[in-house]
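Please look over the sequence and the model below. A short report on the fold and the chain contact follows.

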Amino acid sequence: MHAAARPPIFYGLAVLFVLFVVFLYGPIATVVVLAFQGPEGGLVFPMNSVSLHWFGELFRTQSIGDIWGAFDRSIAPGAIVMVATVLFSFLAGLAFRRRFLGATALFYVVIASLVMPSVVVSLGIGAMFEMLGIERAWYSSALGAHLTWTLPFGLLIMLAVFNRFNSAFEEAAHDLGARGWQTIRYVVVPIIAPSLVGVALFGFTLSYDEIARTSQSVGALNTLPLELEAMQTNATTPVIYALGAMTTGLSFLVIGVCLLGVIAVRRRRNRFGSDAGKAV
Amino acid sequence: MTISVRPLGSDIGGSITKPCANPDSGVRSGEATVMRRKLPIVAYLEALPLAVVFLLFFVVPIALVVVVSFFSYETYQILIPDFTLDNFREVFSEAVTYRTYFITVKFCLIVWAITSVLGFFIAYFLAFQLRSRTSQTVLLLVCSIPFWTSIVIRMIAWIPLLGRNGLVNRMLLGIGVVDRPQEWLLYSELAVILGYVHLYTLMMIVPIFNSMVRIDRSLIEAATDAGANTFQVLQTIILPRSKTGIAVGSIFVIALVMGDFVTVDVLGGGQVASVGKQIATQLSYLQFPPAAANAMILLLAVIVMIALLVRIVDIRKEL
């Protein structure tokens with residue numbers, strides 16, 4: 001490992017990696033480029049000219065139906081699911097540090113939810129609301145369906161975080177007279193803040209883009225991913241790419257804000273954190 | 001007397017208690033331990049919101065799928081409480097069922113083979129061929145970012161590439177490999193497999209990478225000093241120690257491919273039918289009981305495949 005020269009396998013794998021990244025981002029890039037297609041342009045290359053025409057079309061309701069309604073129905077559960085995922089996973093993460101009756105069962109239920117085929121979850125929630133005679137909607141059945149998908153990620157992150165958490169900090173706080181909630185508020189939360197931002201990222205994006213578990217549980221009014229899926233079957237104009245570029249842009253914005261948040265916390269910590277090792 | 005409270009997860013796995021990051025994490029003062037012991041109810045309260053969500057939206061619904069699979073149904077009454085095996089009989093008597101299961105398992109095996117090999121080598125590149133921690137983090141992030149964007153967009157994005165007038169066809173025509181646009185690129189099994197690999201390779205990379213960074217580097221140095229070449233190190237040290245990661249990734253990929261209906265719908269057009277797609281179609285006609293029976297069989301198939309994998313490795317070691 002300390003040798004200066006790279007082994008030949010490095011170059012082979014580097015090429016593989018670059019190809020994989022092109023494969024990952026190439027299609028998305030195509031959609032974003034084609035979204036700027038000229039007014040006369042079609043669904044495929046070549047670019048007719050460059051314009052914002054199709055983004056403009058997004059704001060003319062008659063051309064593509066109720067996408068802004070669908071957008072609201074995606075943003076709202078995304079925000080609610082994000083808050084609930086952070087809060088519930090954090091609390092459950094605290095609980096799992098102690099032994100309590102049913103902990104193992106709960107853990108396996110969460111893992112089962114992660115690997116359960118989404119169509120089965122969706123079907124079950126749909127059937128439950130059907131039997132109860134409650135209308136399915138984004139704020140009830142679909143919200144629950146999203147949580148069964150985001151909470152496993154949240155809990156697993158929290159378990160990994162608390163697995164590496166040094167409880168000496170808490171004991172120090174306790175010895176200095178901090179009450180339980182003060183320890184959580186002023187010691188635990190600041191230490192694990194970057195991971196909480198990570199959980200929030202999973203919570204929002206996985207809910208905002210969820211489609212499989214939403215499909216049977218959302219009821220009559222679609223969320224944005226379902227609307228897009230319905231649109232693509234009879235899409236004739238690049239307006240669908242404009243919508244795709246817009247929602248991808250939003251995803252990137254959320255990811256960027258979260259990553260910057262994590263970096264900012266780290267910087268701050270380096271500046272104001274421990275002075276250990278700085279003495280001569 | 002110090003009562004040692006084991007760190008998190010001791011009751012989950014037992015095997016993940018090895019003191020790794022901070023050696024003193026398992027040692028607590030007696031007072032703190034007593035404080036914790038006095039309030040077991042707090043743990044229940046903390047776990048309650050999560051438990052309620054999973055009870056209401058996971059445990060009960062899955063139990064209902066089991067129950068509903070024995071119900072009967074009519075056109076205007078979609079759920080009639082009953083105990084009939086008709087739904088299962090119906091599922092097993094239709095030729096389409098065998099076709100969909102065959103094609104779903106086929107997708108599963110092909111996608112598993114591609115993603116595990118690709119995932120292994122990319123994880124190996126990230127874990128062992130990069131020298132700085134920063135470049136590892138950045139490149140892993142580059143692989144992960146698409147995971148947080150829309151799956152539907154990532155599938156629709158193949159259309160301008162693989163379509164009749166898409167980029168790939170233009171290129172093939174341009175270099176003269178074919179003399180007319182190829183129709184089998186899009187809305188075909190190939191497109192569906194490509195879509196799966198595109199979506200799910202990350203599910204292999206992350207757990208395998210996770211296993212690989214735990215491998216003791218001194219083992220590799222020892223092997224190298226003893227004259228092993230890169231390939232031998234890969235085969236005798238890295239591959240066996242990445243098994244758990246490969247198994248975790250495999251479980252993800254199998255579960256996702258077996259239950260998928262969105263990718264098949266978008267990239268298969270009307271040409272490809274998987275089990276998930278069949279269930280979704282039944283549901284669109286509000287045929288809950290046969291869909292539930294079909295879902296039960298699908299679930300059984302997934303459980304059998306995962307059980308086989310879990311026999312090979314202990315997943316709980318991975319957290």
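Which residues does Leu123(A) touch, not counting residues up to four places away in sequence? This is a predicted model. In chain A, Leu123(A) touches Gln216(A). In chain B, Leu123(A) touches Val65(B), Ile279(B), Leu283(B), Ala291(B), Ala292(B) and Ala295(B).

Leu123(A) also belongs to the largest nonpolar core, which holds 151 residues. Leu123(A), Ile156(B) and Trp158(B) touch the most other members of this core. Helix 7 (residues 138–163) of chain A supplies the largest share, 14 residues.

**The contact between the chains**

Chain B brings 86 residues to the contact, and chain A brings 82 residues. On the side of chain B that touches chain A, helix 2 (residues 40–68) of chain B gives the most, with 20 residues. The table sorts the residues of that side by type.

| Type of residue on the side of chain B that touches chain A | Number |
|---|---|
| Nonpolar | 64 residues |
| Polar | 14 residues |

**Val266(B)**

Val266(B) sits in helix 13 (residues 262–267) of chain B. Is Val266(B) buried or exposed? Val266(B) counts as buried because 24 C-beta neighbours lie inside 10 Å; the cut-off for buried is 20 or more. Leaving out residues up to four places away in sequence, Val266(B) touches Glu229(A) and Gln232(A) in chain A. In chain B, Val266(B) touches Val152(B), Met155(B) and Ile156(B). Ile156(B) is also one of the core residues that touch the most other members. Val266(B) and Leu172(B) are 94 residues apart in sequence, and their C-alpha atoms are 24 Å apart in space.

**Chain A as a whole**

Chain A has 11 helices and 0 strands. The radius of gyration of chain A is 24 Å, well over the 19 Å that the globule rule gives for 280 residues, so chain A is more spread out than a compact globule. The C-alpha trace of chain A spans about 70 × 65 × 35 Å along its principal axes. Of its 280 residues, 44% count as buried. Take the contacts in chain A between residues at least 6 apart in sequence: 76% join residues at least 24 apart.

**Helix 11 of chain A**

Helix 11 (residues 239–272) of chain A has 34 residues. At 1.5 Å a residue, helix 11 should span 50 Å, and its end C-alpha atoms are 49 Å apart, which agrees. Which residues of helix 11 of chain A are buried? Among them are Val239(A), Ile240(A), Tyr241(A), Ala242(A), Leu243(A), Ser251(A), Ile255(A) and Cys258(A).

Note on methods:
Residues are numbered from 1 along each chain as its sequence is written. Chains are lettered from A and ligands numbered from 1 in the order in which they are written. This is a predicted model: local features need pLDDT of at least 70, side-chain atom pairs count only at pLDDT 80 or more; totals for chains, interfaces and linings use all residues. Two residues are in contact if their C-beta atoms, placed from the backbone, lie within 7 Å. Helices (H or I, at least four residues) and strands (E, at least two) are DSSP runs, numbered from the N terminus. Ala, Val, Leu, Ile, Met, Phe, Trp, Tyr, Cys and Pro count as nonpolar, Asp, Glu, Lys and Arg as charged, and the others, Gly among them, as polar. A nonpolar core is a set of buried Ala, Val, Leu, Ile, Met, Phe, Trp, Tyr and Cys residues joined through C-beta atoms within 7 Å. A residue is buried if 20 or more other C-beta atoms lie within 10 Å of its own, exposed if 12 or fewer, and partly exposed in between; C-beta atoms are placed from the backbone. The expected span of a helix is 1.5 Å times one less than its number of residues. The radius of gyration is taken over C-alpha atoms; the globule rule is 2.2 Å times the number of residues to the power 0.38.
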